[in-house]
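My notes follow in the order I looked things up.

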Amino acid sequence: MSDTAAPWPTNIDYKKAERVLTVAFEDGATFKLPAEYLRVESPSAEVQGHGASTKITVAGKKNVAIAKIEQIGRYAVRLVFDDGHDTGLYSWDYLHKLGREQAKRWFEYESRLKASGLSREA
């Protein structure tokens, strides 16, 4: 994959029992993305705010699941979660980035929860 080419998915599979979305890309990368991780890293303004300093720490989503996956054109999917959240459009590039940065982002998320006295539990 060149620096200018956006990653392109070759397969998207959601395992409801595990609450894990697996996304494979043509560059050979495959990522297993838990629904909770996708929910708390939603690209929506509700979660991302209007810049890095305004990002919202979403708590209580340990058992959230994906209720529906809707393709948006050829560039993204909308994930509808069973808690009603449905405003984030997950571009292929963003899903690839979430996969590449999963360990770092998850560590930062858990650190923000702890610092705020919040929990993953509902």
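Is Glu36 buried or exposed? I keep in mind that this is a predicted model. I looked up the relative accessibility of Glu36 and got 6%, so Glu36 counts as buried; the cut-off for that is under 20%.

**Around Glu36.** I placed Glu36 on the fold next, and it sits in helix α1, which covers residues 35-40. Then I listed its contacts, skipping the neighbours within four places in sequence. Glu36 touches Lys61, Lys62 and Arg120, and also Val64, Trp106 and Tyr109. Two of those names, Trp106 and Tyr109, come back below in an aromatic cluster.

**Aromatics.** How many aromatic pairs does the count come to? I got five. I checked Tyr90 and Tyr94: their ring centres are 6.2 Å apart with the planes at 45°, so I noted the pair as tilted. Both Tyr90 and Tyr94 are buried.

I then went to Trp106 and Tyr109. Their ring centres lie 5.1 Å apart and the planes again make 45°, so this pair is tilted as well; stacked would need under 30 degrees and edge-to-face over 60. Both residues belong to helix α4 (residues 102-116), and because they are three residues apart there, about one helical turn separates them. Tyr109 has 0% relative accessibility, so I put it down as buried.

**Whole chain.** I stepped back to the fold. I counted four helices and six strands in the protein chain. Reading from the N terminus, the order is β-β-β-α-α-β-β-β-α-α. The radius of gyration is 14 Å, close to the 14 Å from the globule rule for 122 residues, so the chain is as compact as a globular protein of that length. Along the principal axes, the C-alpha trace spans about 40 × 30 × 25 Å.

I also wanted the burial figure: 39% of the 122 residues are buried. For contacts with a separation of 6 or more, 46% come from residues 24 or more positions apart.

The accessible surface came out at about 6,900 Å², and carbon and sulfur atoms hold 51% of it.

Notes
Residues numbered from 1 in each chain as written. Predicted model: local features only at pLDDT ≥ 70, side-chain atom pairs only at ≥ 80, totals over all residues. Heavy atoms only, no water. Helix = DSSP H or I, 4+ residues; strand = E, 2+ residues; numbered from the N terminus. Rg over C-alpha atoms; globule rule 2.2 N^0.38 Å. Buried < 20%, exposed > 50% of the residue type's maximum accessible area, 1.4 Å probe, protein only. Contact = heavy atoms within 4.5 Å. Areas by Shrake-Rupley, 256 points an atom, 1.4 Å probe, with all protein chains shown as cover. Phe/Tyr/Trp six-rings, centres within 6.5 Å; stacked < 30°, edge-to-face > 60°.
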